[in-house]
Amino acid sequence: MTPTPKLLKGDWLTLAPTLAPVSVDLLYADPPFNTGKPQRTPPNAHAVSGRIIRAAYADTFGTPRAFTVWLRERLEATLPALKPTANILIHTDWRTTHHVRLMLDDLLGADRFVNHLVWSYGLGGSSPRRFARKHDDILFYCLDPDRYYFKPPRIPATSNRLKGQTKKATDVLDIPSINNMAAERTGYPTQKPLALLELLVSACSPQGGAVLDPTCGSGTTLVAAARLGRSAIGFDRSAAAVAIARKRLKTLR
Ligand SMILES: C[S@@+](CC[C@H](N)C(=O)[O-])C[C@H]1O[C@@H](n2cnc3c(N)ncnc32)[C@H](O)[C@@H]1O
């Protein structure tokens, strides 16, 4: 049976050294995006099931360089916990993705780069002054290009010719963001859809493997990992995030 995910409240940097050496198969991090504004549960938010726990987190690092220095320090502290076959997925958006990619090339080696995934979500981002911004970026790196784990995910085919069949996913992941009526909605700001995390976890970590999300927010990665038979560890420095993630994990059991 899959062990219940472990959840720890605290700073990623402080908690990283508590991880067992060479134990993690997948590190997925969805850190703040350096938007310059605090992220909070919207005032009109409601959870579809149960009472909502309101949450907020700071999202200001200053320059992109300050952000990548922050991120690099935490990744460096986590590298000893990764298996040689492990993968790293860093979730960013247009504000920092190019800076983070250069930092990862420097930290891990440009030959460790595997994919620049585009999560195309459809909602928001429109402006009369530019093309609508409707995607996030997920940078996929491995530790060893000859040994990293990867199982190409299959998604439902959409063409009439292939109706009812599946096809290999590309590096553009068309997955809607969480709608207002979705049962998975917790009200946590910037909560990611379970379908996205299930696809990433199943492609980038083996059955029975260990997944780490060091900025886990409402716990989406931990829920996805548990549903897919992986063990999982989540960190977050927000008490509200940990309370929401704990509540979500309880409903899994
Ligand atoms: C974009 S949100 C993660 C959302 C999450 N993927 C979900 O689906 O709910 C980023 C999270 O990083 C957390 N965070 C920010 N700085 C942190 C730090 N130094 N250590 C751990 N967590 C941190 C915030 O509290 C926030 O929950």
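1. The chain holds an open sheet of eight strands in the order 1-12-11-2-5-7-6-10, with mixed pairing. Strand 1 and strand 10 (172–174) are the edge strands, each pairing on one side only. Neighbouring strands of this sheet are turned by 20° against each other on average, direction ignored; the axes are lines fitted to C-alpha atoms, for helices over the stretch in contact, and angles run from 0 to 180 degrees between N-to-C directions. Two strands are taken to pair if DSSP finds at least two bridges between them.

2. On the basis of the note: this is a predicted model, in which local features need pLDDT of at least 70, side-chain atom pairs count only at pLDDT 80 or more, and totals for chains, interfaces and linings use all residues. Residues are numbered from 1 along each chain as its sequence is written.

3. In total, the chain has six helices and 12 strands. These are DSSP runs numbered from the N terminus, helices being H or I with at least four residues and strands E with at least two. The radius of gyration of the chain is 18 Å, which agrees with the value near 18 Å for a compact globule of 253 residues; it is taken over C-alpha atoms, and the globule rule is 2.2 Å times the number of residues to the power 0.38. Along the principal axes, the C-alpha atoms fill a box of roughly 50 × 50 × 45 Å.

4. Of the 253 residues, 37% count as buried. A residue is buried if 20 or more other C-beta atoms, placed from the backbone, lie within 10 Å of its own, exposed if 12 or fewer, and partly exposed in between. Among contacts with a separation of 6 or more, 73% come from residues 24 or more positions apart, a contact being two C-beta atoms, placed from the backbone, within 7 Å.

5. Strand 5 (residues 82–92) is mostly covered, with nine of its 11 residues buried. Strand 5 pairs with strand 2 in the parallel sense over five bridges, and Leu27 stands opposite Ile88 in strand 5. Strand 5 is also joined to strand 7 (residues 135–142) by six bridges, and these two run antiparallel; here the bridge partner of His91 is Ile138 in strand 7.

6. Strand 6 (residues 113–120) and strand 10 run parallel and are joined by three bridges. Trp119 stands opposite Leu173 in strand 10.

7. Helix 5 (residues 220–227) is mostly covered, seven of its eight residues being buried. The buried residues are Thr220, Thr221, Leu222, Val223, Ala224, Ala225 and Ala226. Their cover includes strand 1 (6–9), strand 2 (24–29), helix 4 (194–204), strand 11 (210–213), strand 12 (231–236) and helix 6 (239–252). After helix 5 comes Gly229, whose phi is positive, near 80°.

8. Thr166 lies in strand 9 (residues 166–168). Thr166 is exposed because 11 other C-beta atoms lie within 10 Å. Leaving aside neighbours within four places in sequence, Thr166 is in contact with Arg154, Ile155, Pro156 and Ala157. From Gln39, Thr166 is 127 residues away in sequence and 37 Å away in space, C-alpha to C-alpha.
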